[in-house]
Protein chains: 2
Amino acid sequence: MPKRADLSDTLCPVGRSAELLGDRAVLLILRELLFGRRRFELIAANTGLGPQLVSARLKMLVAEGVAERRAYSERPLRHDYWLTDKGKALFDILYAMRNWSERWAYAPGETGDGPAIRYVHRTCGADVGTAKICPGCGAELGYGDLKGEPSPALKAEQVSRTA
Amino acid sequence: MPKRADLSDTLCPVGRSAELLGDRAVLLILRELLFGRRRFELIAANTGLGPQLVSARLKMLVAEGVAERRAYSERPLRHDYWLTDKGKALFDILYAMRNWSERWAYAPGETGDGPAIRYVHRTCGADVGTAKICPGCGAELGYGDLKGEPSPALKAEQVSRTA
DNA sequence: GATAGTAACTATGATAATCATAGTGACAAG
DNA sequence: CTTGTCACTATGATTATCATAGTTACTATC
């Protein structure tokens with residue numbers, strides 16, 4: 001393909017974020033980072049993406065100010081990736097994606113009898129289901145407010161990817 | 001590139017929707033459909049995508065049950081594209097993208113003095129800003145609840161695309 | 001009634017992004 | 001001094017994307 005058209009100068013807010021998020025690799029890497037999986041090899045394994053793609057996208061995310069690269073060990077020198085505030089704010093989008101999928105993306109019974117990931121509000125303990133505000137306490141739900149519990153089937157899939 | 005890896009069988013809800021949404025063309029076309037722009041040529045013009053890409057993606061969206069193709073004229077035979085309920089539910093995701101961009105994706109003053117798109121709650125008239133629930137009446141905000149008003153600069157951009 | 005639109009597409013060739021696989025550099029452990 | 005770990009980089013085959021032009025089936029105008 002020719003160089004993909006650049007949308008970063010459009011004034012449309014959906015277009016702007018589409019430039020960043022309209023890319024499978026980016027979405028998967030952000031999922032990993034939002035789940036607190038920060039190491040290169042773990043991200044590559046969990047997403048199934050090749051190291052070259054992971055490398056290229058992480059560099060881009062750092063350049064965009066969405067993630068930052070930190071040394072977590074000096075000897076041997078090792079780096080991992082953390083979300084910035086700008087990156088953490090993407091939680092709302094990925095959470096909306098999760099909510100849509102739980103409702104529309106599975107065949108009946110495909111996830112067992114519950115959702116693929118059960119989310120609980122950390123501060124009040126309520127199961128939030130797919131709500132935008134906590135049904136227990138009415139608080140808005142943002143980055144870090146939820147504790148996710150993958151279904152047994154999903155957990156098994158995750159284990160098989162890293163094995 | 002080789003055939004892109006298929007994620008549609010992953011049990012992760014973010015992975016599932018990433019298969020659909022991790023594509024610039026899809027996001028832009030969904031934006032058009034959510035804004036009520038249903039005709040092929042208009043979608044192509046507003047997104048800047050070539051007709052072949054628009055055609056391929058619309059076919060996919062129809063196959064996925066996100067959109068449907070309807071005849072709006074018999075003589076001459078002409079078709080356009082409408083969102084299904086499954087498609088309308090994607091509003092939450094695009095709205096979250098818009099909210100993120102309004103906060104993080106513009107240089108200071110780039111959009112004038114307000115947001116790139118001002119959204120007003122249809123039923124109560126309140127300016128919702130970038131809230132998830134209406135600050136005026138407390139209602140949840142979904143597809144069709146909001147009336148968007150693009151800033152003068154964005155409106156000019158849209159006009160220039162269709163000219 | 002021949003020419004010029006209009007709208008929704010399809011066809012073609014050049015280019016570049018992606019994948020799979022293998023390899024590198026710097027260090028630690030046995 | 002060989003093996004292992006981790007964060008990458010290198011290479012070649014494949015294919016999606018872009019730009020541009022063309023097609024089909026009508027309607028409207030001259």
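Figure 1. Helices (H or I, at least four residues) and strands (E, at least two) are DSSP runs, numbered from the N terminus. With a relative accessible area of 8%, Asp23(B) is buried; buried means under 20% relative accessible area, exposed over 50%, and partly exposed in between (1.4 Å probe, protein chains only). The side chain of Asp23(B) makes a polar contact of 2.8 Å with the side chain of Arg57(B). A polar contact is a pair of N or O atoms within 3.5 Å; within protein, one must be able to donate a hydrogen and the other to accept it, and residues adjacent in sequence count only if both atoms are side-chain atoms. Not counting residues up to four places away in sequence, Asp23(B) touches Gly22(A), Asp23(A), Arg4(B) and Arg57(B), where contact means heavy atoms within 4.5 Å.

Residues are numbered from 1 along each chain as its sequence is written, and chains are lettered from A and ligands numbered from 1 in the order in which they are written. This is a predicted model, in which local features need pLDDT of at least 70, side-chain atom pairs count only at pLDDT 80 or more, and totals for chains, interfaces and linings use all residues; side-chain values use heavy atoms, with hydrogens and water left out.

**Figure 2. Helix H2 of chain B and its two ends.** At the start of H2(B), a side-chain oxygen of Asp23(B) reaches to within 2.9 Å of the backbone nitrogen of Ala25(B). Helix H2 (residues 24-34) of chain B is largely enclosed by the rest of the structure, because eleven of its eleven residues are buried. Among them are Arg24(B), Arg31(B) and Glu32(B), together with Val26(B) and Leu27(B). Gly36(B), which follows H2(B), has a positive phi, near 85 degrees. Most residues other than glycine have a negative phi.

Figure 3. Strand S1 (residues 67-73) and strand S2 (residues 78-83) of chain B run antiparallel and are joined by six bridges. Two strands pair if DSSP finds at least two bridges between them. Which residue of S2(B) stands opposite Ala71(B)? The residue opposite Ala71(B) is His79(B). S1(B) and S2(B) form a hairpin, with four residues between them. Pro76(B) lies in the loop between these strands, and a cis peptide bond, with omega about 0 degrees, joins Arg75(B) to Pro76(B). Most peptide bonds are trans.

**Figure 4. The cis peptide bond in chain A.** In chain A, Pro76(A) lies in the loop between strand S1 (67-73) and strand S2 (78-83). The peptide bond joining Arg75(A) and Pro76(A) is cis, with omega about 0 degrees.

**Figure 5. Arg98(A) in helix H6 of chain A.** Arg98(A) is found in helix H6 (residues 91-104) of chain A. Arg98(A) counts as buried, at 3% relative accessibility. The side chain of Arg98(A) reaches the backbone oxygen of Ile117(A) at 2.7 Å. These two residues, Arg98(A) and Ile117(A), are 19 residues apart in sequence and 8.6 Å apart in space, C-alpha to C-alpha. Leaving aside neighbours within four places in sequence, the contacts of Arg98(A) include Tyr119(A) and Thr130(A) in chain A, and Pro13(B) and Val14(B) in chain B.

Figure 6. A disulfide is a covalent bond between the sulfur atoms of two cysteines; here, a disulfide is a pair of cysteine sulfur atoms within 2.5 Å. Cys124(A) counts as partly exposed, at 35% relative accessibility, whereas Cys134(A) is buried, with a relative accessible area of 3%.

**Figure 7. The two domains of chain A.** The domain assignment of chain A gives domain 1 (13-84) and domain 2 (91-162); domain bounds come from an automatic or database domain assignment. The contact takes twelve residues from domain 1 of chain A and ten residues from domain 2 of chain A. Taken over C-alpha atoms, the centres of the two domains are separated by 22 Å.
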